[in-house]
Amino acid sequence: MFKVKLRIALRANKSWWLSPVLIAIAIIFTFIISSAMIRWAGANPFAAFKYLLGSPLQSKFGITEAILSATPLVLTGGAVALAFRAGYWNIGAEGQLLAGAICATFVGLHADGIPHWLGIILMVIAGALGGMLWAFVPALLRSRLGIDEVVTTLLLNPVALLVVTGLLNGPWRNPKTKFPETQVLSENVFFPRVYPGSRIHLGLIIGIVALAICWWVVGRTAGGLKMRAVGLAPGAARIAGLKVEKTLFTTALASGAIAGIAGAGEVAGVAHQLTDGISPGFGYTGVVVATLAALSFPAVLLISFVLGIINVGSFSASRALSIPSTIGEVVQAVLLTTVVSALVFMKYRIVLDKGKHRD
Amino acid sequence: MSTADAVTGYSVAASAVSLNGLRKIYGDVVAVENVDLEVRAGEIHALLGENGAGKTTLMRLLYGLTKPDAGSISIDGATVSITSPKIARAAGIGMVTQHFSLVKTMTVTENLALQDAGFFSLDLAGARRKLLALCEEIGLEIDPDARIDSLPVAMQQRVEILKALAGGCKVLILDEPTAVLGPQDVDSLLDVIRRLRDTIGLSVILITHKMHEISQVADRVSVLRRGEIVATENASGMSIASLTALMVEGVQQEIVETGERSSQGTSVLAIKDLTVHLRGHDVISELSLEVRRGEIVGIAGVSGNGQSELVQALSGVFVHQTGEIHVDGKLVKGGSPSAFAEAGFGRLGEDRHASAVSALTVEENLILDRLHFFSKPGILLKRKIRKFAEESITNFAIKAKPDQAIGTLSGGNMQKVLLARLFGERPLAAVVSQPTRGLDVVSTRYVRQLLMVERNTGVGILLVSEDLDEILELSDRILVIFKGKIVGEVARKDFDRIAIGAMMAGV
């Protein structure tokens with residue numbers, strides 16, 4: 001009997017063209033799969049993609065809105081990438097962002113009479129502390145008792161959201177409107193706009209600086225080398241005398257702090273108050289960003305911008321073609337799936353076994 | 001060439017396998033070039049060569065794991081295209097590597113039945129019959145109902161061999177079969193190999209680094225050097241010296257003066273009443289020993305008598321143990337790996353792949369255990385690191401670039417990087433476990449000389465090795481370990497293989 005069998009084998013040597021080709025294939029598949037779903041939703045896929053990717057780039061407003069939308073992703077993506085580099089699977093950037101937003105809001109509600117520069121610094125510190133606080137318990141459980149951080153960080157996300165809604169329906173409820181949202185914060189803590197005529201705020205600069213620091217720390221410092229060693233081969237790192245648990249703990253807190261600053265940025269730069277919709281899943285999207293960026297910090301910046309475009313574009317697509325605006329999330333999810341699949345082929349290849357087999 | 005071999009004296013027998021003009025190129029590296037090799041029916045044919053000489057590539061070609069770029073393979077005189085292990089097995093070729101392919105939670109019989117099983121059919125009774133018949137024929141004893149994970153490694157290896165035989169194997173490839181065995185088990189394995197030849201006429205291709213195994217069992221031996229067969233001879237006519245010469249000819253060798261042996265120094269490593277409790281019993285019980293400045297103390301023992309656990313205790317793997325470990329007179333508190341590192345105690349584990357971060361570069365691996373020395377304040381000192389890496393590469397004759405991922409190095413070079421890391425730190429004392437396991441002759445010699453040099457500079461070294469020759473060659477004193485206890489101590493002037501062997505066996 002003649003038959004062809006497929007099997008998976010480790011790729012021995014990687015060619016330079018491999019990763020761009022695989023990424024291109026992943027993007028083509030993303031178009032094909034998303035097109036089917038857009039068609040299903042009753043719209044023309046080509047028109048939808050024109051709106052999703054094209055329309056935000058056609059106006060200065062579109063571009064600045066995409067950058068605004070990318071700002072929290074730069075921070076959450078960087079936070080997740082940092083943790084993942086050390087092999088700490090922090091899926092809790094969402095909760096850490098919310099905790100950062102809560103602490104920043106607390107500062108913003110009590111900032112009357114302080115100088116603006118101090119207000120901004122306090123907001124950043126409060127955001128970082130909040131994120132760190134939320135990352136603390138899973139980090140401690142992991143490093144002391146070996147409890148899986150994927151579960152603990154993930155499960156603390158809805159808890160953070162419950163704390164937000166609890167505060168908004170309780171002590172922080174807006175006294176004037178009675179809506180479950182805080183009153184507008186003191187102007188002393190607003191992040192200044194950094195590009196005239198747009199909503200782009202200081203958070204973007206902070207995000208880029210944070211990415212640069214992460215990139216530098218991971219690549220150029222002793223601590224960063226420890227993180228990489230622990231992430232790549234914890235056993236060998238331990239044999240070399242590195243304190244694996246301590247490294248994981250420190251990294252987890254740093255990651256939480258960065259995600260927390262993203263929360264402070266949303267409060268101080270965009271909303272100027274705390275609402276329960278402060279984050280439409282920026283923390284979860286951070287995992288997508290970090291993964292698509294293959295944990296490279298410069299790539300986090302690029303991917304955040306691409307996803308920012310899709311976010312903004314999904315609203316114009318939704319308006320123009322009357323399809324749900326969640327189409328943007330669908331495209332992002334498909335992109336994640338195809339890119340992760342492509343990454344498998346980066347490491348492995350499919351081998352054809354041809355020949356006659358006796359069965 | 002095959003006609004020339006056929007008249008060299010050994011009874012002329014039919015050829016079981018012949019490789020004709022095989023060539024395999026990986027990228028720009030010629031792994032195997034123009035190899036002609038004939039294995040006769042019912043002979044034990046040893047294949048000798050350094051690491052990287054092409055032994056493994058050759059066997060992968062024969063077993064269908066990779067395809068040749070040129071040349072052909074014939075089995076029983078007929079040319080066969082072997083494109084997969086399945087085809088190789090159908091053609092009567094079996095292979096046993098160091099990594100067994102047995103299902104550990106199943107019995108011996110079940111493992112044998114598994115290889116013939118269809119989707120819905122499993123012939124346990126038939127497999128059992130076949131197994132017992134084979135054992136009877138060869139004169140082996142094995143419990144068909146024993147679970148694999150209850151068997152010692154040596155037994156598992158026999159099951160692996162029986163499995164290949166039950167699958168209809170006529171030519172058996174054994175890839176460094178003794179690397180996983182203790183000295184006693186080596187002899188019985190060699191005996192089994194001999195019996196396989198004599199009872200069922202099996203042809204065996206024995207890949208090995210160890211010369212004395214060749215003189216013990218092989219009928220003929222082929223020597224591979226840089227991908228080419230440089231000689232095929234009757235094993236009985238070859239001395240260890242001439243084999244070594246054939247294998248390493250033209251390879252640069254450094255001879256290092258080892259200097260006077262004296263061990264009058266102060267104690268740099270002292271273990272007091274160490275007990276390690278594992279798997280329900282004491283694998284090490286109340287063990288005490290001492291290593292002084294500038295001496296090598298060898299731990300001799302049959303594998304599985306607590307050597308691994310002793311090394312692991314000294315590497316900080318078992319934190320919860322009783323007893324005390326002192327380095328340079330100071331108690332190592334906590335017993336974690338970092339505590340040992342801080343105490344100035346060097347460690348070389350038995351598995352180099354577990355000790356190196358393979359995706360990091362050579363220089364990053366080199367500095368991993370003393371980052372504080374190469375960073376200021378916390379920032380890596382690139383130039384200092386590069387300089388140290390280049391010095392280590394020169395001093396330790398490592399064939400690598402500083403920014404090359406360590407996982408791409410050969411075993412010998414990887415081991416040299418780990419030794420450079422260990423001794424670059426100027427430790428007072430060190431434990432070195434299986435330092436030359438799986439290394440080729442040149443690397444082995446280099447590593448051994450290096451240990452002598454470090455000893456002469458004053459490092460106290462505890463050497464744990466399953467290679468008794470290595471221990472005899474290097475040690476100033478030998479301690480014999482048996483069932484987790486030190487049962488004897490022999491000074492260098494009293495070294496005696498037989499006496500030490502008896503102690504190792506617990507006599």
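## A hairpin in chain B

Strands β19(B) and β20(B) form a hairpin, with two residues between them. Lys483(B) sits in the turn and has a positive phi of about 45°. This comes from a predicted model.

Val480(B) stands opposite Gly488(B) in β20(B). β19(B) also pairs with strand β13 (residues 296–300) of chain B. That pairing is in the parallel sense, over four bridges. Val480(B) takes part here too, as the bridge partner of Ala300(B). In a regular strand, side chains alternate between the two faces of the sheet.

## Chain B as a whole

Chain B has 507 residues, and 46% of them count as buried. The chain holds 18 helices and 20 strands. Take the contacts in chain B with a separation of 6 or more: 68% of them come from residues 24 or more positions apart.

## The nonpolar cores

In soluble globular proteins, nonpolar side chains tend to be buried together. In this model, the largest nonpolar core has 180 residues. Which residues touch the most other members? They are Met123(A), Ile261(A), Val300(A), Val417(B) and Leu463(B).

Look at Leu463(B). Leaving aside neighbours within four places in sequence, its contacts include Ile296(B), Val297(B), Gly298(B) and Ile299(B). Val432(B), Ile471(B), Leu474(B) and Ser475(B) are in contact with Leu463(B) as well.

## Domains of chain B

Chain B is divided into three parts: domain 1 (1–92 + 170–177 + 192–251), domain 2 (99–169) and domain 3 (267–504). The contact between domain 1 and domain 2 of chain B takes eleven residues from domain 1 and eleven residues from domain 2.

On the domain 1 side, two elements give two or more residues: β7 (171–175) and α7 (183–200) of chain B. Which of them gives the most? α7(B) does, with five residues. By class, this side has six nonpolar, two polar and three charged residues.

## Where chain B touches chain A

Here 29 residues of chain B are in contact with 24 residues of chain A. On the chain B side, the elements that give two or more residues are α3 (85–90), α11 (337–342) and α12 (352–355). α11(B) gives the most, with four residues. By class, the chain B side has 14 nonpolar, eleven polar and four charged residues.

## How confident is the prediction?

The model scores ipTM 0.79 and pTM 0.70. Chain B averages a pLDDT of 83, and 89% of its residues score at least 70. Where in chain B is confidence lowest, and where highest? The lowest is in helix α1 (residues 2–6), at a mean of 42. The highest is in strand β18 (residues 460–464), at 93.

Two stretches call for care. Over residues 1–11 of chain B, pLDDT stays under 50, and the model has twelve contacts there beyond four places in sequence. Over residues 251–258 of chain B, the pLDDT is below 50, with nine contacts in the model beyond near neighbours in sequence. Where pLDDT is low, the predicted coordinates should not be read in detail.

Methods. Residues are numbered from 1 along each chain as its sequence is written. Chains are lettered from A and ligands numbered from 1 in the order in which they are written. This is a predicted model: local features need pLDDT of at least 70, side-chain atom pairs count only at pLDDT 80 or more; totals for chains, interfaces and linings use all residues. Two residues are in contact if their C-beta atoms, placed from the backbone, lie within 7 Å. Ala, Val, Leu, Ile, Met, Phe, Trp, Tyr, Cys and Pro count as nonpolar, Asp, Glu, Lys and Arg as charged, and the others, Gly among them, as polar. Domain bounds come from an automatic or database domain assignment. A residue is buried if 20 or more other C-beta atoms lie within 10 Å of its own, exposed if 12 or fewer, and partly exposed in between; C-beta atoms are placed from the backbone. Two strands pair if DSSP finds at least two bridges between them. A nonpolar core is a set of buried Ala, Val, Leu, Ile, Met, Phe, Trp, Tyr and Cys residues joined through C-beta atoms within 7 Å. pLDDT is the predictor's confidence in each residue, from 0 to 100.
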